[in-house]
Amino acid sequence: MTANLLDFDLEGLAAFCAELGEKRFRATQLFRWIHQKGARDFGQMTDLAKSLREKLEGNARIEGLPLISQHESADGTIKWLFDVGDGNAVESVFIPEEDRGTLCISSQAGCAVGCRFCSTGHQGFSRNLATGEITAQLWFAEHFLREHLKTGSDRVISNVVMMGMGEPLQNYAALVPALKTMLDDHGYGLSRRRVTVSTSGVVPMIDRLSEDCPVALAVSLHAPKDELRDKLVPLNRKYPIAELLDACNRYLVHAPRDFITFEYCMLDGVNDLPELARELAHLLQRGVSCKLNLIPFNPFPASGLVRSPQQRVQAFAKILSDAGIVTTVRKTRGDDIDAACGQLAGDVQDRTRVDRRIAQQRTVMLKAVPADSTKEA
Ligand code: SAH
Ligand code: SF4
């Protein structure tokens, strides 16, 4: 079995090259060919000696994920669904904005945390993605977009958020090399501040991430008190809110940003009442340097939950803002293509539907995103 080179960060690739009797600078060249130029086969790597290319042919491969479907929203959001075998699929979403291009990436097929409002959670856990399967999402999207948008920019994706399917901190060993490839100057060269790991609150792994690869951290809070959070995010029974906030404060010592982003999915009549907004304000004022991101719930039938009315979201946001907490309400993007966490992949558990989707796949007419999407925010 040959090694998939997408599985390696630069250190890993250097070790692999050393096994083949090759010097480190060869690993750097190879890494740049793969990640900066999007090379798919060794024949393209014209500045590598023919003997080395032959050696690589025999021992290695560059293997992305098979694409099942691609959908583009009227607002420019693009969603890809990838086949990860055994009837499982994962998704990535590209969200173009004026000053940035954000890619949302998956870390697992399914998820074991089982949050009530999450369609990935409702599917249960299938398996962890390998590093190469996490990295392949960025590798594919970056080079696909460069080719199709023809922006003249040498980088389309400026931000990565680990907010697709799965709990990244429950797939820690595979996650860290993928993050390192994103940050590496010879890889995607993304700023630590522009790579965000989102977690439902795996406390020990928040501590490890702060040591191994501190990037921006988002924590999915969804409730100001344990009684309610226990029901929405079952992991809270293991790592309750007070422990989670302590971990956030420890993380901030190493973090590239001086705040944690808390995510709060707004569920009608469940966690969106004014008294809960006041409790949340109280908790966060005492607790952690943070920003709060209110997310309109993306409904799916099996959840039995409903999106909070806009007025209630605004009233909730006002209570928090008035209390001095920087609060934003997330814009819904790609609504017409179900581009929210786990929505499309939720559908494809049933393989007949996968086949139908492939049959329905339409030609995607890509719209241009601004050329300069790599500017610092
Ligand atoms: N497992 C990680 C990252 C993936 S989920 C986590 O939970 O943070 C990414 C974000 O999408 C989380 O904040 C999650 O709460 C949110 N989310 C999940 N299902 C949603 C839905 N149906 N509508 C809106 N947001 C949702
Ligand atoms: Fe898993 Fe995150 Fe969905 Fe919860 S919200 S089930 S942690 S993917």
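Start by selecting Gln29: leaving aside residues up to four places away in sequence, Gln29 touches Asp47 and Leu48, contact being heavy atoms within 4.5 Å. The model is predicted, with pLDDT of at least 70 needed for local features and 80 or more for side-chain atom pairs, while totals for chains, interfaces and linings use all residues. Residues are numbered from 1 along each chain as its sequence is written, chains are lettered from A and ligands numbered from 1 in the order in which they are written, and side-chain values use heavy atoms, without hydrogens and water.

Now show helix α2, residues 24-35, where Gln29 is found; helices are DSSP runs of H or I with at least four residues, strands are runs of E with at least two, and both are numbered from the N terminus. Gln29 has a relative accessible area of 18%, so it counts as buried (under 20%; exposed is over 50% and partly exposed in between, with a 1.4 Å probe and protein chains only).

Next, select Leu30. With residues up to four places away in sequence again left out, Leu30 touches Leu5, Leu13, Cys17, Phe42, Met45, Leu48 and Leu56. Leu30 is also one of the residues with the most contacts inside the largest nonpolar core, alongside Trp80, Phe117, Met182, Leu209 and Phe262; this core has 112 residues. Such a core is a set of buried Ala, Val, Leu, Ile, Met, Phe, Trp, Tyr and Cys residues joined through side-chain atoms within 4.5 Å. Colour helix α5 (residues 131-149) too: this helix gives the most to the core, nine residues.

Move to ligand 1 and select its shell, 20 residues with a heavy atom within 4 Å of the ligand. Phe117, Ser198, Ser220, His222 and Asn298 are the closest. The shell divides into nine nonpolar, nine polar and two charged residues (nonpolar: Ala, Val, Leu, Ile, Met, Phe, Trp, Tyr, Cys and Pro; charged: Asp, Glu, Lys and Arg; polar: the others, including Gly). Strands β10 (195-199), β12 (260-266) and β13 (290-296) each supply at least two of the shell residues.

Then display three distances. A nitrogen atom of ligand 1 lies 2.9 Å from a backbone N or O atom of Gly166. For the side chain of Glu167, an N or O atom is 3.3 Å from a nitrogen atom of the ligand. In Glu263, a side-chain N or O atom is 3.1 Å from an oxygen atom of ligand 1. The protein buries 94% of the 530 Å² that ligand 1 exposes when taken alone (Shrake-Rupley method, 1.4 Å probe).

Finish at Gly287, in helix α10 (residues 274-287). Its relative accessibility is 27%, so Gly287 counts as partly exposed. Its C-alpha atom is 8.3 Å from that of Asn249, 38 residues apart along the chain.

Terms used: Polar contact = N/O pair within 3.5 Å; in protein donor to acceptor, adjacent residues only side chain to side chain.
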